[in-house]
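Please view the sequence and the structure together while reading.

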Amino acid sequence: MPALTIVVANLKGGSTKTTTAAFVLHALAEAGLPALGVDADGENESLLAWSEAGEWSIPVIGMPVADLHRKLPGVVGDRYDGVVIDTPPMKERRGVVASAIRIATHVLVPMAPTGMEYARIPAIRELVEEAGALAVTPPQLAVVLTRTVSNAASTDVYRQMLSDDGVRVLRPTVGRLERYAQAFGLPITNAAGTAYGDVADELTSIGIT
Ligand SMILES: Nc1ncnc2c1ncn2[C@@H]1O[C@H](COP(=O)(O)OP(=O)(O)OP(=O)(O)O)[C@@H](O)[C@H]1O
Ligand SMILES: [Mg+2]
């Protein structure tokens with residue numbers, strides 16, 4: 001797999017996984033990286049459906065399978081330098097998420113700064129540890145705070161709580177904005193100029209242990 005294989009994961013539904021995967025994928029491609037999107041969810045408002053409706057020039061393939069770690073490397077080959085994998089939320093499809101984590105260099109967990117989303121973080125950490133143990137190189141886990149409200153105390157409060165728990169939180173935050181709320185199904189332009197450009201930059205700079 002490429003040196004940069006980002007799995008966007010959160011066991012909670014509706015946690016901005018697909019939006020995050022879409023914008024990070026575009027930010028990487030805009031930075032000149034040959035990039036591939038992988039839709040390991042396939043249901044609801046999926047990455048593949050978005051790419052088709054929005055007529056993206058970046059390739060996206062659908063692969064919602066629990067043996068992704070075996071199937072994907074052959075498909076990716078050495079044609080891409082960056083792969084972004086969107087994953088399903090459902091507990092029942094934990095196997096798909098676990099499989100993706102086995103080939104990840106980075107697991108990016110988007111979460112809103114709320115108690116409900118914070119409460120779900122131990123479960124994803126557990127999964128990353130469990131699946132990461134089966135990986136050749138355990139992936140780097142990083143949280144990105146999304147749907148933040150400017151000047152609200154919650155952003156710093158949850159950043160601090162996560163840091164105290166030993167979780168890496170990326171410096172950029174993604175605001176709760178109409179731009180993202182209305183983005184599904186449309187082309188994405190200048191992703192590098194959004195907070196997701198900074199997210200991609202910081203994530204890329206995190207070394208692989
Ligand atoms: N930064 C944001 N500001 C406002 N709305 C957002 C933001 N990011 C995502 N959304 C909206 O929140 C909803 C959930 O986002 P998204 O579909 O990306 O989450 P998901 O985790 O992939 O959901 P699912 O678990 O169903 O796959 C969507 O309606 C999306 O448009
Ligand atoms: Mg989704």
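**The ligand shell and the fold**

Helix 1 gives the most to the shell around ligand 1, contributing three residues. Helices (H or I, at least four residues) and strands (E, at least two) are DSSP runs, numbered from the N terminus. The model is predicted: local features need pLDDT of at least 70, side-chain atom pairs count only at pLDDT 80 or more, and totals for chains, interfaces and linings use all residues. Residues are numbered from 1 along each chain as its sequence is written, chains are lettered from A and ligands numbered from 1 in the order in which they are written, and side-chain values use heavy atoms, with hydrogens and water left out.

Ligand 1 is surrounded by 16 residues, a residue being near if one of its heavy atoms lies within 4 Å. The closest are Gly14, Ser15, Lys17, Thr19 and Gly175.

An oxygen atom of ligand 1 is 2.8 Å from a polar backbone atom of Ser15. For the side chain of Thr18, an N or O atom lies 2.8 Å from a ligand 1 oxygen.

The secondary structure of the protein chain comprises nine helices and seven strands. Along its principal axes, the C-alpha trace of the protein chain spans about 45 × 35 × 30 Å.

Definitions and conventions: Polar contact = N/O pair within 3.5 Å; in protein donor to acceptor, adjacent residues only side chain to side chain.
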